[in-house]
Amino acid sequence: MSKRVQLISALVEGTSINATCRMTGVAKHTVLKLVEDMGCACAAYHHRHVRGLKARRIQCDEIWQFVGAKQKNATPEQRAAGWGDAWTWVALDADTKLCISYLIGGRDTGWATDFTFDIRERVIGRPQITTDCHKPYLAAIEMAFGDDSHYAQMHKIYGASGDSPEARYSPAKCIGCDMKTVIGSPDYEHVSTSYVERQNLTMRMSMRRFTRLTNGFSKKIENHGHAVALHIMYYNFVRVHKTLRVTPAMEAGIADHVWTMEELVGLLVANAPRMVA
């Protein structure tokens with residue numbers, strides 16, 4: 001247990017697989033197997049327990065990363081094996097900062113529909129939803145929620161970036177925002193995607209696979225999914241939010257204490273297949 005806690009603690013703080021192996025003396029295959037087992041256990045727990053949420057304001061966004069190679073550089077055979085762009089869809093409760101739902105896949109209407117239907121299954125009531133102006137959200141949210149939501153889109157307008165290396169690797173300056181009501185009567189005071197965009201930054205900082213301009217990216221789509229599931233579970237139940245001073249799960253009422261790393265790793269036992277006599 002102590003060695004597993006040591007390995008998982010390093011990984012959720014943004015340490016790469018190879019660096020974790022060097023620090024702990026554990027074989028790479030063993031670390032990858034642990035990530036796989038933890039990812040499956042965390043995804044199963046999230047699926048069962050992150051439900052019945054009284055979320056009033058939900059923010060949705062997608063974060064980009066690639067597996068193996070960027071989409072434009074991957075061969076057809078590599079794309080068939082899962083290489084290329086991998087978008088992580090994230091829905092965040094703006095009040096509790098709880099990650100309600102996440103999905104890894106493409107960025108078209110089919111993936112948007114699966115994502116929004118999963119949100120609908122986990123949320124009680126008529127929430128206010130805010131997204132960016134990504135078009136697939138329009139049909140997906142209407143199919144999943146119908147008129148049972150207040151939905152608005154926020155369009156951030158960015159200035160032109162220069163051609164210098166400094167401008168290329170720096171975010172463009174936001175010069176304005178345009179809000180548009182799609183369904184219901186959303187409160188414009190709370191039409192924002194700032195919290196979910198901050199969560200995207202947390203993902204990039206907490207998972208080496210998401211760090212830009214490095215060779216730490218995922219080489220297999222399965223391992224990418226396991227790492228995301230582990231991060232979401234750690235973020236919701238273990239990591240204390242600095243503003244809330246509790247975990248998002250506690251703020252949302254689905255946990256009564258801050259989980260320890262031992263409890264997180266203990267999901268391996270709870271998720272282990274039981275022997276049938």
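Val-31 is buried, with a relative accessible area of 1%, where buried means under 20% relative accessible area, exposed over 50% and partly exposed in between, computed with a 1.4 Å probe on protein chains only. The model is a predicted one, in which local features need pLDDT of at least 70 and side-chain atom pairs count only at pLDDT 80 or more, while totals for chains, interfaces and linings use all residues. Residues are numbered from 1 along each chain as its sequence is written, and side-chain values use heavy atoms, with hydrogens and water left out.

Val-31 lies in helix α3, helices (H or I, at least four residues) and strands (E, at least two) being DSSP runs numbered from the N terminus. Leaving aside neighbours within four places in sequence, Val-31 is in contact, meaning heavy atoms within 4.5 Å, with Leu-7, Leu-11, Ile-17, Cys-21 and Val-26. Ser-192, by contrast, stands 161 residues from Val-31 along the chain, and the C-alpha atoms of the two are separated by 39 Å.

The core has 70 residues, of which Ile-8, Ile-58, Phe-237 and Leu-264 touch the most other members, and the largest share, nine residues, comes from α9. When neighbours within four places in sequence are set aside, Ile-8 is in contact with Leu-34, Met-38, Leu-230, Met-261, Leu-264 and Val-265.

Another part of the picture is strand β1 (residues 57-67), in which Phe-66 is found. Phe-66 is buried, with a relative accessible area of 12%, and, not counting residues up to four places away in sequence, touches Gly-84, Asp-85, Ala-86, Phe-217 and Ser-218. Between Phe-66 and Gly-84, which are 18 residues apart along the chain, the C-alpha separation is 5.3 Å. Lys-97 is in the loop between β2 (84-93) and β3 (99-105), where its phi is near 65 degrees, a positive value in a residue other than glycine; Lys-97 counts as buried because its relative accessible area is 9%.

Leu-213 likewise has a positive phi in a residue other than glycine, near 60 degrees, and its place is in the loop between α8 (194-206) and α9. Leu-213 is exposed, with a relative accessible area of 71%. Glu-142, found in helix α6 (residues 136-145), counts as exposed at 53% relative accessibility; Glu-142 and Lys-33 are 109 residues apart in sequence and 40 Å apart in space, C-alpha to C-alpha.

The second largest pocket needs its terms stated with some care. On a 1 Å grid over the protein atoms alone, a pocket is an open set of points with protein on both sides within 12 Å along at least five of seven lines, whereas a cavity is a set of points where a 1.4 Å probe fits but cannot get out, and lining residues have an atom within 4 Å of a point. The volume of the second largest pocket is about 670 Å³, a volume being the space filled by probe spheres set on the points, which are joined across faces, edges and corners. Its lining has 30 residues, of which Ile-17, Lys-28, Leu-32, Arg-209 and Gly-216 lie nearest the centre, and the elements that give two or more residues to this lining are α1 (2-12), α2 (17-24), α3 (28-49) and α9 (221-237). The lining residues divide into 10 nonpolar, 11 polar and nine charged, where Ala, Val, Leu, Ile, Met, Phe, Trp, Tyr, Cys and Pro count as nonpolar, Asp, Glu, Lys and Arg as charged, and the others, Gly among them, as polar.

The cysteines come last. A disulfide is a covalent bond between the sulfur atoms of two cysteines, assigned here to a pair of cysteine sulfur atoms within 2.5 Å. The structure holds zero disulfides; for Cys-40, which is in none, the nearest cysteine sulfur is that of Cys-42, 9.4 Å away. Cys-40 counts as partly exposed at 37% relative accessibility, and Cys-133 is partly exposed with a relative accessible area of 34%.

Methods:
Core = buried A, V, L, I, M, F, W, Y, C linked by side-chain atoms within 4.5 Å.
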